[in-house]
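Me: Hi! Could we walk through this structure together, starting with how its helices pack?
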Amino acid sequence: MVSSESIRERGRRKRDGGGGDNDSSSGGNESEGMRKLLLGLGFWVQGFRCFPWMAVNFFLKDGLKVDPSTLQILQSSANLPMVAKPFYGILSDSFYIFGQHRVPYIAIGAFLQAVSWTAIFLSPSNISFFTITLYLLLGNLGASIVEVANDAIVAELGKPPSSSSKNKQHSSSGQLQSFVWIASSVGGVLGNLAGGIAIDRVSPQVMFLMFGILLTIQFLVTIFIHESSLDLPKSPSNLGIKKQLSELLVALRKPEICYSILWFAVSYAVIPALTGTMFYYQTQHLGIESSVLGISKVFGQAAMLLWGIIYNKNLKSTSPRKLISAIQATMAVLMFSDFLFVKGVYRMFGIPDSLYVVLFSGFLEVLYFFKILPFTVVMAQLCPPGYEGSVMAFLMSAIALAVIISGYFGVALSSFVQVTGNDFSGLQHALLIQSVCTLLPLYWSSCIPDGVKPKTKSKEG
């Protein structure tokens, strides 16, 4: 005889999505749809951030008349909130808001960004350099909070299942990582394309307002999504900051995690970034139009989109160590190509400067981030269960700090070779040094993990 309590329990399981194959399948499809909506929109907006930042570059150069070094210092310093990502990760792992620990943080981050860009729009055209820096820091604070929460969701859903697991939705195949990578790339393509067109037709302030409206839409969509609809894996909760920090330190003591993150961060930090200098060289010295720069960045984002598709279809089984090392070496080759470009070699062969900028400059800019995709797939597998937010946030923090160091390193190198807004004679030497520095991390490529095999559970009895 079946008790009424058993019937009630069965009914509860059915409501929760466990009442049968049809209900489970329907619930799984609904959860997958909600995940793709939340993550797809989040990563798409993240990629679209290049739209207002293109306006920032031209606004600082033409409106506030800053020099290349000052522009690059701002570009690097604006990433400072990204360094605190482990703290945001620990917060989202430890503190639940209305019973949720991911979605509310995405909403908070989107709100902060909307306030930041709207405030820049409302500011006078002669806004001080200090004030716009504060607004950009606030915007990047919101962006970093969103990225931490999104990355944690992707890491949680990307854990490798045991061979006895019946739930196949949380596979380690890297499909979700590829999906969000593609979403971010599509956002980048559209952002750069729209930015290249808009910069000649509307003022930078209008572009800031447009992005602020987009962020407001993201905020409104996010607050209507409840975390339970995402069907995230159960994880330890309410452990407190002290416990989470302790667990993070334990995870970082694992050689496969510690050495991997250290190598990955160093592979960025040792490269002197010359982004601001190249921007001034192309626009001020060569007179490249903003629309051409926009097309160049679109070409680069299209390459990133294609990379996500190729990786998902053909390269998931390739050794991450070989793949990341090959990308690092390709970066060095393209930097040497930039040296030949500045030296005028391609011009001697009849290749227009604008054609080179479209085909190679945008591609090199995104090639920096190609290695993030295979690396995050492996790191998602290495994360201890329940602490994906903290570990993945620490990885992103290390990358952010490395990029900041790279930017300051580039400013120092530009000063050393005496590159200014009007004198680019030393840029050739800077590009040669940059190319050599890019090859240095390959000597320690053994620190890169070679992948993680799914754990199998032994059958008892």
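Predicted model: local features only at pLDDT ≥ 70, side-chain atom pairs only at ≥ 80, totals over all residues.
Me: Which residues in α6 meet α8?
Reply: Lys85, Tyr88, Gly89 and Ser92 in α6 meet Leu141, Ser144, Ile145, Glu147 and Val148 in α8. Contact means heavy atoms within 4.5 Å. Helices are DSSP runs (H or I, at least four residues), numbered from the N terminus.

Me: Thanks! At what angle do α6 and α8 cross?
Reply: The axes of α6 (residues 85-94) and α8 (residues 129-157) cross at roughly 50 degrees and come within 9 Å. Axes are lines fitted to C-alpha atoms, for helices over the stretch in contact, and angles run from 0 to 180 degrees between N-to-C directions. That makes α6 oblique to α8 (under 35 degrees counts as roughly parallel, over 145 as roughly antiparallel, 65 to 115 as roughly perpendicular, and the rest as oblique).

Me: And what about α12 and α18, what angle do they pack at?
Reply: Helix α12 (residues 255-269) and helix α18 (residues 372-382) pack at about 160 degrees, with axes 11 Å apart. That makes α12 roughly antiparallel to α18.

Me: Which residues make that contact?
Reply: From α12 there are Glu256, Ile257, Ser260, Ile261, Phe264 and Tyr268, and from α18 there are Ile372, Phe375, Met379 and Leu382.

Me: New topic: how many residues are in the largest nonpolar core?
Reply: The largest nonpolar core has 49 residues, and Trp117, Leu136, Phe211 and Leu427 have the most contacts inside it. A nonpolar core is a set of buried Ala, Val, Leu, Ile, Met, Phe, Trp, Tyr and Cys residues joined through side-chain atoms within 4.5 Å; buried means under 20% relative accessible area (1.4 Å probe, protein chains only).

Me: Which helix gives the most to this core?
Reply: Helix α3 (residues 50-63) does, with 8 residues.

Me: What does Phe211 touch?
Reply: Leaving aside residues up to four places away in sequence, Phe211 touches Val45, Phe48, Arg49, Phe51, Pro52 and Trp117.

Me: Back to α3, where does α13 come in?
Reply: The axes of α3 and α13 (residues 275-285) come within 12 Å and cross at roughly 60 degrees, so these two helices are oblique to each other.

Notes
Residues numbered from 1 in each chain as written. Heavy atoms only, no water. Buried < 20%, exposed > 50% of the residue type's maximum accessible area, 1.4 Å probe, protein only.
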